[in-house]
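Here is a short report on one protein chain. Look at the sequence and the 3D view before reading on.

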Amino acid sequence: MKSLGIWLKGARIYTLPIGLVPVVMAFAVALRMIRFSCFGESYVHSWRCALQCLLCAVVAVCMQISVNYANDYCDGLNGLDDNRSLRAVSGSNNSKPLCDVSWRLANAGIKPKAVLKAVIISAIIACIFGFIIVVRTGIWWFILLGIACVAAAWFYAGGKHPYGYKGWGEVSAFVFFGPVPFIGTLCAVTYGIGVQANSIFINNPLRILTCVLMSCIPGAYSACLMMVNNLRDIASDEKHGKITAMVRLGEHNGRRLCATMSTIAMLLLLAYSALIIVLPSAVPSIWRFGSEEVLFSFSMIMCNARWHLFVAVFQWIILVALVIKAYKFIKCVIRGDYKNAFPLCVAQAMFAATAVLLSAII
């Protein structure tokens, strides 16, 4: 490796918050699960919860880095990145921001074999930490899920018939950076904090629906980021035979779909934030422990009224900022300003994760 900065740019680290958002959101739900349930030794279990989420975060980050390197490798071999402007790696250009969307590893003279090695190494690290999660939780079917994730990462742009070139990239981004990591993290935390598998069962359709809809929030932002990327490259992709969903829909309809997805994610988050105030006992988790009911009492909220009020106000300030970012993002997408749409999409996801994390306290 010539320098860490080159590989960080090649990993497209500006996209990494997208992968962490579902893990952070699941962590917040798990904290509410501990807080609102009849569960002893909450301090110990909270630390176990944090450890499990840290392991899940490492898996998410390494898998996303692997995906980004794989995309750089495969698109480079197929000539799909030739239209990007080459940038020198010396002199003043070293100060280029890490979110420079025109960057690719070939700009620094990195050979394809080195990029492929980076794909493999980052995927192996993700698998190692994933196996640790399996051992700690005893959820052995996670191995199959991990295999599916690795396969999805590679065959997005790799193989003889990459599905990302057939219009399924946005769907994959939604599923594997939304419901899969969110529900997976929630399950990993639930079993990893010491609860026996036979003492946990799904007990409330409203909680199930809440968690499924929440998992769609990070999925929507991931899909939006993919859409912005594909809208930017729509002419080049069509020329080289990469038929993305944006190519199929056309740029005008693609812009509208991207704006709609961002709006839906924002509305779901606002609905969740209102629900924790109106029906707090229905939100904590889809799980219940043994035969004990999830508890909620007015005194639990009012015992530290000033603190809860401060956090609630701060959360809604974050939500207002999210709405503003969503509005700016939609404007950028509609007028085709994809360069500025990238950071706005990531910012929305980060604000969403922060708002949900604060909900663990409210």
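## The chain as a whole

This is a predicted model. The chain has 362 residues, and buried residues make up 51% of them. Its secondary structure consists of 14 helices and 2 strands.

The accessible surface of the chain is about 16500 Å². Carbon and sulfur atoms account for 70% of that surface.

## The nonpolar cores

The largest nonpolar core holds 60 residues. Cys49, Tyr221, Val228, Leu269 and Phe329 have the most contacts inside it. Several helices give two or more residues to this core, among them helix 2, helix 3 (42–77), helix 8 (205–232) and helix 13 (305–335). Helix 14 gives the largest share, 12 residues. A second, separate core has 21 residues, including Ala11, Ile65, Leu105 and Tyr163.

Which residues does phenylalanine 329 touch, apart from those up to four places away in sequence? The list is Cys224, Val228, Cys258, Ser262, Ala341, Leu344, Cys345 and Gln348. Val228 is also one of the residues with the most contacts inside the largest core.

## A buried proline

Proline 218 sits in helix 8. Is proline 218 buried or exposed? Its relative accessibility is 1%, so proline 218 counts as buried. The cut-off for buried is under 20%.

Leaving aside neighbours within four places in sequence, proline 218 is in contact with Val21, Pro22, Met25, Phe177 and Gly178. Proline 179 is 39 residues away from proline 218 in sequence. In space, their C-alpha atoms are 8.1 Å apart.

## Aromatic rings and a loop

The chain has 6 aromatic pairs. One of them joins tyrosine 14 and phenylalanine 342, with ring centres 5.8 Å apart. Why is this pair edge-to-face? The planes of the two rings stand at 80°, and an angle over 60 degrees counts as edge-to-face.

Tyrosine 14 lies in the loop between helix 1 (4–10) and helix 2 (16–35). Phenylalanine 342 lies in helix 14 (residues 338–358). The pair therefore ties together parts that are 328 residues apart in sequence. Tyrosine 14 and phenylalanine 342 are both buried.

The loop between helix 1 and helix 2 also contains arginine 12. Phi of arginine 12 is near 55°, a positive value in a residue other than glycine. Arginine 12 has a relative accessible area of 9%, so this residue is buried.

## A nonpolar patch on the surface

Now turn to the outside. Phe131, Val135, Trp140, Trp141, Ile143, Leu144 and Ile147 form a nonpolar patch on the surface. Together they have about 770 Å² of accessible area.

Which helices each supply at least two residues of the patch? They are helix 4 (112–137) and helix 5 (142–155). Helix 5 gives the largest share, 3 residues. Phenylalanine 131 belongs to helix 4. With a relative accessibility of 44%, phenylalanine 131 counts as partly exposed.

## Charged pairs

Side chains of opposite charge can pair when their charged atoms come close. How many salt bridges does the structure hold? There are 3.

Arginine 232 pairs with aspartate 233, and their closest N and O atoms are 2.7 Å apart. Arginine 232 is partly exposed, at 24% relative accessible area. Aspartate 233 is buried, at 9%.

Arginine 255 pairs with glutamate 251, with a closest N and O distance of 2.9 Å. Both lie in helix 11 (residues 251–278). They are 4 residues apart, about one turn of the helix. Glutamate 251 is partly exposed, with a relative accessible area of 29%.

Arginine 335 pairs with aspartate 337. Here the closest N and O atoms are 3.8 Å apart. The cut-off for a salt bridge is within 4 Å, so this pair counts. Arginine 335 has a relative accessible area of 53% and is exposed.

Methods:
Residues numbered from 1 in each chain as written. Heavy atoms only, no water. Salt bridge = Lys/Arg side-chain N within 4 Å of Asp/Glu carboxyl O. Buried < 20%, exposed > 50% of the residue type's maximum accessible area, 1.4 Å probe, protein only. Areas by Shrake-Rupley, 256 points an atom, 1.4 Å probe, with all protein chains shown as cover. Phe/Tyr/Trp six-rings, centres within 6.5 Å; stacked < 30°, edge-to-face > 60°. Core = buried A, V, L, I, M, F, W, Y, C linked by side-chain atoms within 4.5 Å. Contact = heavy atoms within 4.5 Å. Patch = residues over 30% accessible without salt bridge, like charges linked within 9 Å, V, L, I, M, F, W, Y side chains within 5 Å.
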